[in-house]
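I opened this entry to keep track of what I looked up, in the order I looked it up.

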Amino acid sequence: MFRWGVLSTAKIGREQLLPAMVDAENGVLSAIASRDLSKAKALAERFGARQAFGSYEELLASKDVDGVYIPLPTSQHVEWTAKAIEAGKHVLVEKPLALDAKDIQPLIKLRDAKKVLVCEAFMVIYHPQWIKVRDLIASGAIGRLRHVQGAFSYYNVDPNNMRNKLDLGGGALPDIGVYPTVSTRFSTGKEPLRVQATIERDKKFGTDIYSSIRADFGDFELSFYLSTQMAARQVMVFHGEKGFIELFSPFNAGLYDHHRVELHNQNHTEAQVFRFPGTQQYRLEVETFARAAQGGKERVFTLEESVLNQKVIDAIFRAGGKDGWEAV
């Protein structure tokens with residue numbers, strides 16, 4: 001059994017990843033660390049973790065931990081990923097891993113030197129609905145793909161939330177802009193060449209709160225908008241010459257809508273619906289990661305892919321400050 005350690009008692013861990021680790025068929029939750037030992041003990045008791053530590057360093061030194069999950073604030077991801085690798089631990093780190101693509105390169109060197117697995121936690125690529133989209137596109141079900149359209153938004157104006165704190169890596173693009181980009185890249189196997197963007201920032205927080213983005217993939221275009229101060233919505237549409245594919249809850253399946261993919265024909269007279277009830281994408285993520293860390297030939301999100309995805313986000317930020325296209 002793969003022995004997990006978790007750095008911090010963050011909400012995403014409490015609500016999604018820790019339950020997934022407890023339910024996983026090939027892993028156990030071994031330890032939880034917090035700078036507040038009482039919080040670590042309370043969460044360890046809640047989820048049945050064997051150990052609780054009052055510092056992240058103590059957990060990384062534990063011989064009872066094979067790999068760690070890092071849901072710390074974004075600005076701390078690179079630092080603690082590096083420390084975990086140095087300690088010889090496998091690492092699953094929350095997205096975004098970094099705020100600049102160049103900061104990921106040193107982690108690749110460390111990973112290779114220590115011979116551990118390090119992955120950014122994009123749970124969507126493990127969900128069968130996205131594997132179905134990728135397979136439908138590859139099989140020619142919609143013919144030539146011409147346009148991908150997406151939206152991701154929610155409303156959050158809490159000044160104490162890390163997503164609204166610029167110094168912690170907050171903002172819409174780091175938090176949710178990564179999803180339309182990574183899912184389009186995953187589904188098509190293509191990389192964008194250039195981007196255009198309009199970006200609006202909150203006058204008080206300084207974070208980006210709204211973006212409208214256009215990305216040129218050469219063979220097709222991706223356009224999407226995202227916001228942290230709009231009514232909650234998620235959708236992704238892949239539109240081809242012979243039909244289109246629509247996902248109604250592409251990133252938080254089961255929360256925004258059901259786990260379903262719809263394939264429409266050219267004349268919009270027929271639709272096939274693919275449903276995936278009961279799918280737990282976070283459990284699939286941790287189980288796949290554990291198998292890969294133990295030598296399995298699993299498809300995981302590599303650091304090399306993280307570099308490519310972060311380059312797109314970096315280019316979007318640059319494009320937001322100018323008119324016209326910005327090269328990725």
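I am working with a predicted model. I began with the UniProt record, an unreviewed entry, which places "domain: Gfo/Idh/MocA-like oxidoreductase N-terminal" at residues 2-119. For that span I noted 42% helix and 22% strand, with the end C-alpha atoms 16 Å apart. The unreviewed UniProt entry also gives "domain: GFO/IDH/MocA-like oxidoreductase" for residues 131-246. Here I noted 22% helix and 44% strand, and a separation of 14 Å between the end C-alpha atoms.

**Sheet.** Next I traced the strand order. I read an open sheet of nine strands, S14-S13-S12-S11-S7-S10-S9-S8-S15, with mixed pairing. Which strands stand at the edges? I found strand S14 (271-275) and strand S15 (326-327) there; each has a single partner strand, so one side of each has no neighbour in the sheet. I then looked at how S14 is held to strand S13 (residues 260-265): the two run antiparallel and are joined by five bridges.

I checked what H7 touches, and listed strand S7 (145-155), strand S8 (194-201), strand S9 (208-216), strand S10 (221-227) and S11. The direction of H7 makes about 155° with that of S10. I then turned to helix H6 (residues 128-138), which lies across strand S11 (229-240), strand S12 (243-247), S13 and S14. I recorded an angle of about 170° between H6 and S12.

**Serine 183.** I located serine 183 in helix H7 (residues 172-188). Is serine 183 buried or exposed? I count serine 183 as buried, because its relative accessible area is 1% and the cut-off for buried is under 20%. Setting aside neighbours within four places in sequence, I found serine 183 in contact with Trp130, Met236 and Phe251.

**Serine 62.** For comparison I looked up a serine in a loop: serine 62 sits between helix H3 (56-60) and strand S4 (67-70). Serine 62 also counts as buried, because its relative accessibility is 7%. What does serine 62 touch, residues up to four places away in sequence not counted? I listed Gln51, Phe53 and Lys89. With glutamine 51, I noted a polar contact of 3.5 Å between the side chains.

Conventions: Residues are numbered from 1 along each chain as its sequence is written. This is a predicted model: local features need pLDDT of at least 70, side-chain atom pairs count only at pLDDT 80 or more; totals for chains, interfaces and linings use all residues. Side-chain values use heavy atoms; hydrogens and water are left out. Helices (H or I, at least four residues) and strands (E, at least two) are DSSP runs, numbered from the N terminus. Buried means under 20% relative accessible area, exposed over 50%, partly exposed in between (1.4 Å probe, protein chains only). A polar contact is a pair of N or O atoms within 3.5 Å; within protein, one must be able to donate a hydrogen and the other to accept it, and residues adjacent in sequence count only if both atoms are side-chain atoms. Contact means heavy atoms within 4.5 Å. UniProt positions are given in the numbering used here, feature names are shortened, and annotations may be inferred rather than shown by experiment. Two strands pair if DSSP finds at least two bridges between them. Axes are lines fitted to C-alpha atoms, for helices over the stretch in contact, and angles run from 0 to 180 degrees between N-to-C directions.
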